[in-house]
Every structure is written in structure tokens, then in C-alpha cells.
Protein chains: 2
Amino acid sequence: MKQLGSQTWKFTNRPVILGSSAVVGPEEGEGPLASSFDFIYDSLEMGEKTWEKAERALFEKASKLALMNANLEQEKLEFFVGGDLMNQIISSSFAARKLGVPYLGVFGACSTSMESLAIASMIVDSGGGKYALAGTSSHNCTVEKQFRYPTEYGSQKPPTAQYTVTGSGCAVVGVNDGTVKGPYVVSATLGRIMDLGLKDPFNMGTAMAPAAVDTITAHFRDTGLSPGHYDLIVTGDLASVGLPIAKELLAKEGIPMEQTVFNDCGLMIYDLDKQKYVIAGGSGCGCSAVVTYGHILSRLKKGELKRVLIVATGALLSPLSYQQGESIPCVAHAVALESGGEEA
Amino acid sequence: MKQLGSQTWKFTNRPVILGSSAVVGPEEGEGPLASSFDFIYDSLEMGEKTWEKAERALFEKASKLALMNANLEQEKLEFFVGGDLMNQIISSSFAARKLGVPYLGVFGACSTSMESLAIASMIVDSGGGKYALAGTSSHNCTVEKQFRYPTEYGSQKPPTAQYTVTGSGCAVVGVNDGTVKGPYVVSATLGRIMDLGLKDPFNMGTAMAPAAVDTITAHFRDTGLSPGHYDLIVTGDLASVGLPIAKELLAKEGIPMEQTVFNDCGLMIYDLDKQKYVIAGGSGCGCSAVVTYGHILSRLKKGELKRVLIVATGALLSPLSYQQGESIPCVAHAVALESGGEEA
């Protein structure tokens with residue numbers, strides 16, 4: 001591994017994503033990316049008695065499917081790096097219990113997807129292990145219950161509000177021994193906390209946009225690349241309010257994002273015109289995870305995309321920090337992926 | 001970095017702990033290790049209006065003092081790996097905001113101290129960065145409020161209950177360029193989830209003991225060492241109920257712990273005879289952190305200890321998982337430290 005600039009890790013051995021999974025709930029199954037998901041639950045309950053147990057079932061299914069898709073027996077898995085949005089990341093920890101391998105719990109709110117992938121890739125790239133699973137989950141009802149109001153209240157929301165994705169995405173990262181031709185994990189740019197003093201938990205896109213911009217700017221500064229190097233750059237969950245702000249801020253920074261396709265997982269996962277209930281778009285740990293590990297990886301494998309930068313964004317507030325009048329610290333972690341074939 | 005067995009990372013470049021800090025509350029300041037702490041608050045409020053703001057102040061002070069003790073300007077710090085027990089690890093994330101460097105949030109309940117040190121050491125050892133700060137915190141009143149009852153209720157507790165340490169410990173891990181003679185981070189053994197079905201949140205020591213035993217057993221299996229290699233092996237917070245159980249289980253596993261001194265940070269930090277209110281002993285993320293980064297590192301620097309294994313234990317329950325009748329998944333992460341001087 002090599003440090004580029006101050007914030008970026010270049011994975012010199014190019015770890016391979018041996019297999020991945022994306023498991024979602026019924027709403028995501030009605031969205032435009034439905035065909036790229038491995039499993040779609042037909043109810044938010046998932047046959048469980050509580051929302052939290054449902055989210056855990058979701059995560060457990062995704063972790064099993066990722067191993068199956070990677071063609072890796074569970075006994076060969078060596079590390080699990082996971083986290084989620086629940087207090088004490090219980091979905092992830094209970095999934096870890098089933099996996100039975102050394103477990104590193106991580107938390108970066110909705111940036112957990114790329115934080116866990118970056119750490120799993122570092123383990124594999126630096127010789128700490130041959131196989132590591134990275135994964136995360138979110139469930140619309142557990143998040144609504146923890147951060148906002150019980151869904152049963154049916155409370156109204158402002159037009160800046162986002163809809164938490166019910167989904168879990170996992171990826172098996174393995175040593176690049178030449179037998180599997182990508183997709184490869186190429187680099188990761190770790191984000192700093194950006195907090196511009198915003199306090200509205202129903203406007204996360206605006207709060208998180210500066211963090212995405214800071215990390216994207218750092219990525220290009222550290223690597224010496226420009227946006228045109230990538231076929232696609234996606235943010236995690238800025239949605240319809242945050243993405244235009246990020247675009248504006250990046251233009252001010254002089255980053256020529258017009259060289260590439262710049263989109264947001266929270267806008268890609270739903271059809272905002274038809275699925276009005278998602279308001280500004282998707283959010284949650286599961287959002288960038290299922291879009292990346294379902295849709296984007298499948299396009300990388302098919303060769304439709306060559307190089308992609310995923311910039312997962314996270315709002316690190318808690319219900320309590322919000323109630324005590326605190327602003328929302330935000331962070332974004334970026335991971336660059338490449339399809340098989342020649343080195344960049 | 002090199003993988004030993006399946007669960008252990010050997011840090012081949014031997015990262016150095018350039019400086020550390022241990023900041024505690026008034027109760028810990030009355031315990032037998034008081035003289036090894038960098039700062040002792042004289043009240044649990046710490047001049048803040050809420051317990052959560054107090055914990056954050058504690059963490060911020062510890063992170064600043066660690067940089068000062070490491071003689072490292074804040075601008076030179078490259079990564080912060082931190083976590084705590086609060087929902088959404090807010091103490092850590094708000095401390096990260098002040099530090100202004102790339103931030104990896106981690107969560108392993110009370111094992112967070114060694115999880116963060118292991119990850120920070122991996123970053124430095126594998127060339128991902130030159131300086132990384134690892135840190136964690138806990139505060140008696142934030143934890144009581146979140147996991148049990150508001151302290152104002154004065155509710156009674158069973159004799160197996162432990163007392164959450166008010167404290168934050170941080171360490172600056174740096175590249176071993178030969179200018180600073182230790183202490184060195186030598187290896188880390190990452191733990192698997194152990195869950196024997198226990199459900200009593202007032203008996204964490206018993207729940208966590210099997211996780212400590214599993215990780216200690218893995219450490220000696222992976223490294224080929226025996227307990228006598230270490231002058232001291234400490235668990236994080238098994239306290240007076242859990243430590244004897246761990247001893248019994250290790251004897252059954254055939255690990256000759258009688259070759260070394262085997263103790264527990266939760267027993268070392270308080271005088272259980274005088275400080276009756278701690279009941280079975282200390283617990284919390286801050287427990288192993290302040291004992292390690294205050295007391296143990298200072299003994300390593302003085303040469304009173306040569307080799308130490310810290311086994312931080314964590315109970316990964318949430319108030320909600322407990323209320324829903326779930327058992328307590330536990331984990332333990334171990335890190336081996338060595339004083340300056342010749343290689344082991």
C-alpha cells in the first residue's frame with residue numbers, strides 16, 4: 001500500500017472483489033435498478049417480529065449471498081468489516097455472530113459502505129488477510145424509529161427529506177492472484193469531518209454536500225487525476241437537494257466534473273417521479289452499498305464501465321446530539337474501482 | 001504487515017507509540033493509578049451542560065494531550081481512528097471535527113480501544129500514513145443514561161454490575177524511523193464474536209469472558225508464543241466476576257497463564273475495597289484505554305515492563321437488542337506492545 005498526498009491510499013496489489021451482493025426491500029424492488037439486485041423482499045417485515053430483527057435478517061442474507069457469489073466457503077473467510085446506522089451497530093454485530101470470523105465494527109453513518117470497503121481492501125492489500133468481507137445495511141423503519149418518528153405516526157416531512165433505503169450490500173475482497181479478472185479496488189480517499197453549522201435533520205443532502213466536495217477535491221489533488229479518468233463518479237446519498245449543491249461547490253473549486261458522468265446513488269435507486277414517497281431521494285448506509293454492489297459492479301464486470309469513483313457520504317448526528325442543539329458533522333469516504341483488463 | 005495464522009497481524013515495521021494520554025474523571029482520580037493519568041477532572045460535569053458534551057470535552061482534551069505528549073503538531077497528524085459507546089459514536093465524531101484529519105469511526109463497544117489501535121497501527125505499518133491517532137472514551141453518566149437508568153434515579157444494582165469508567169485515552173502511532181525508542185506495537189489479534197446466550201446486562205464480565213479467552217487462545221496459536229513471553233497480560237473490563245471465569249476457561253484450554261501476570265484493567269483502575277460504588281470493578285471503552293495509555297505505557301517506557309498483551313473486551317448489545325430479548329454478542333481484540341530496546 002502507498003500513501004498518495006495525505007488522504008489517499010493506493011492499493012498497490014489491486015485487491016479483487018471476488019463477489020458481492022445487494023439485497024433490498026420492496027420499494028427498492030420497484031425502482032429502476034431492480035434487475036441488478038440479488039434478492040428483493042416483498043415486505044418490510046421480512047418475516048421477523050421487529051424492524052431491528054428484519055434488518056439483521058437482511059444483513060445476514062446479504063453476507064451469505066456475497067460469499068456464495070464469490071464462490072468462497074464461509075470457513076475460508078478471514079475478516080468481516082461491517083457497520084450500520086443502529087445504536088451500537090447491532091445489525092452488523094449480529095451478522096458477525098453468524099459469520100464467526102474476526103470482526104471489525106466500523107461506523108461512518110451512510111459512508112460506512114466505503115469506509116468498510118477501504119479497510120477490508122487495506123487488510124488484503126497489506127498482507128493482513130487473504131479474504132475480507134465488507135458490508136453494511138439500513139432499513140427504512142429502524143432508521144425512522146431511531147432518528148425521527150415511528151412510521152406508524154405517518155408524520156409529514158419537508159421537501160428536503162430523504163427516504164432511507166431498505167437494503168444491505170456486501171463485497172468479498174480477495175488477494176489478487178491473477179485468477180479473477182477484476183473488478184479491482186484501486187484506491188481510497190478517506191474523508192475529514194465537514195460541519196458548516198447546519199442543524200436540520202430533514203435536510204441531510206445539504207449538510208453532506210461539502211463533505212463530498214472536500215473528499216472529491218482531495219482525491220484529485222492526491223492522485224493527480226482529473227474527473228475524466230472515471231466513466232462515472234457517484235455520491236452516496238446527496239439526493240435531489242444535495243447533488244446540485246455539490247456540483248456548484250465543485251465548480252467553485254475548479255474541478256471539471258463535466259468531464260465525467262456525475263450522479264448520486266440516492267437518485268439512481270428510485271424513480272422520483274413515480275415513487276413520490278421518497279421525496280428528495282434515497283439515503284442510508286444501504287443506499288450506496290446496494291447501488292455499488294448491485295448495479296455498478298455488474299456494469300464494471302460487463303465492461304460497460306471501466307473506472308468508477310464511489311463517494312459515500314455520511315451525516316454523523318445522533319438523535320441526542322440533534323436534541324441538544326448540535327450541528328451535523330459530515331464525512332465522505334471515496335473508493336475507486338476498475339473493471340478487469342489492463343492496468344490504468 | 002504479515003498475517004500469522006488466521007486472526008493475527010504482525011506489524012513488521014514495528015510502529016512506535018510516539019505519545020499517549022489518559023484523561024479521567026474524579027472517581028478514577030481517587031483510584032490506585034491516579035499518578036499515571038495526564039489530567040483528572042474534579043467533577044463529572046467538566047464544565048459542560050450535558051453529560052454528552054462532557055464526554056466530548058474529555059475526548060477532545062485527551063486527543064490534544066496525546067499530540068502534545070507525542071510532540072506532534074496537529075497539522076502533521078494524518079488519520080484519526082476513534083470510537084466510543086454513544087449511539088452514532090458522537091463523542092468520537094465531534095472530537096474528529098476538532099482534529100480536522102481523515103477520520104475512520106470504529107465500534108467494538110469496550111474493545112474499541114484496541115480495535116482503533118490495531119487499525120491505526122495497520123495504517124502506519126503498511127505505508128498508508130506516517131501518523132495516526134487512536135482513541136476512545138466513555139463517561140459514567142452518558143453510559144448509565146443510555147444503557148441503564150438515569151443516574152438521578154439512584155437505582156440499585158446487583159453485585160455483578162460494573163462501574164463505567166469516565167475517561168478517554170489516545171495514542172499517536174508513528175512510523176518507526178529509529179528516532180524514538182518505543183514503545184512499539186508488535187502485533188494484533190482480532191477477535192471473533194462469542195455469544196454463549198447470556199442476556200443479563202448487569203453481568204457483562206461473565207458474558208465477555210469467553211471472548212477474551214477465544215482471542216487469547218488465538219493469539220498464542222497464531223504467534224506460537226506462550227504466556228511467559230509477556231510480563232503482563234491484561235483484559236479490558238472483565239472485573240471481579242469475569243476474570244476468574246476467564247482464568248478457569250483458559251486453564252481448560254491448556255493455556256499456561258501462570259507463566260505471566262494476568263490482570264484486568266477494570267480491577268486495576270479502582271480500589272475495590274475502598275471504592276465500594278464500583279461494585280465488581282470498572283468497565284467502558286475508557287477503562288482499558290486509560291489503564292493502557294496511562295499506567296502501562298509509562299511502565300513500558302521506564303523499562304519496568306518489557307512485553308505486554310492488552311486484550312480489550314466488548315459487549316456488543318444495545319438497549320434495544322436487550323429489550324427485544326436478544327443475548328449479548330461479545331468480542332475481544334488484543335494488541336501486543338513492547339518497550340524500546342532489542343527486538344523480541
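**Close-up views of a predicted two-chain model**

**View 1. The loop that holds B:Pro183.** In chain B, B:Pro183 lies in the loop that runs between strand E9 (167-174) and strand E10 (184-189). The structure shown is a predicted model. The peptide bond between B:Gly182 and B:Pro183 is cis, with omega at about -5°. Most peptide bonds are trans.

View 2. In chain A, A:Gly182 and A:Pro183 are linked by a cis peptide bond whose omega is about -5°.

**View 3. The interface of chain B and chain A.** Chain B contributes 58 residues to the contact, and chain A contributes 58 residues. About 4700 Å² of area is buried between the two chains, and carbon and sulfur atoms give 58% of this area. The interface of chain B and chain A has six salt bridges. One of these pairs A:Lys53 with B:Glu326, with 2.4 Å between the closest N and O atoms. Between chain B and chain A, 32 residue pairs are in polar contact.

**View 4. The side of chain B that touches chain A.** The polar contacts between chain B and chain A number 32 residue pairs. On the chain B side, at least two residues each come from strand E1 (2-4), helix H2 (51-69), helix H3 (90-99), strand E6 (103-105), helix H4 (112-125), helix H5 (140-147) and helix H10 (319-323). H3(B) gives the most, with five residues. Sorted by class, this side of chain B has 26 nonpolar, 20 polar and 12 charged residues.

**View 5. Helix H3 of chain A and its surroundings.** Helix H3 (residues 90-99) of chain A is mostly covered, with eight of its 10 residues buried. Among them are A:Ile90, A:Phe94 and A:Leu99. The buried residues of H3(A) pack against helix H2 (51-69), strand E5 (79-84), strand E6 (103-105) and strand E7 (131-138) of chain A, and also against H10 of chain B.

**View 6. Two residues of chain A with positive phi.** Most residues other than glycine have a negative phi. A:Ile89 has a positive phi, near 35°, and sits in the loop between E5 and H3 of chain A. A:Ile89 is buried, at a relative accessible area of 2%. A:Arg14 also has a positive phi, near 45°, and belongs to the loop between strand E2 (8-10) and strand E3 (16-24) of chain A. A:Arg14 counts as buried because its relative accessibility is 9%, under the 20% cut-off.

Key: Residues are numbered from 1 along each chain as its sequence is written. Chains are lettered from A and ligands numbered from 1 in the order in which they are written. This is a predicted model: local features need pLDDT of at least 70, side-chain atom pairs count only at pLDDT 80 or more; totals for chains, interfaces and linings use all residues. Side-chain values use heavy atoms; hydrogens and water are left out. Contact means heavy atoms within 4.5 Å. Buried area is the accessible area (1.4 Å probe) that two parts lose on being put together, summed over both. A salt bridge is a side-chain nitrogen of Lys or Arg within 4 Å of a carboxyl oxygen of Asp or Glu. A polar contact is a pair of N or O atoms within 3.5 Å; within protein, one must be able to donate a hydrogen and the other to accept it, and residues adjacent in sequence count only if both atoms are side-chain atoms. Helices (H or I, at least four residues) and strands (E, at least two) are DSSP runs, numbered from the N terminus. Ala, Val, Leu, Ile, Met, Phe, Trp, Tyr, Cys and Pro count as nonpolar, Asp, Glu, Lys and Arg as charged, and the others, Gly among them, as polar. Buried means under 20% relative accessible area, exposed over 50%, partly exposed in between (1.4 Å probe, protein chains only).
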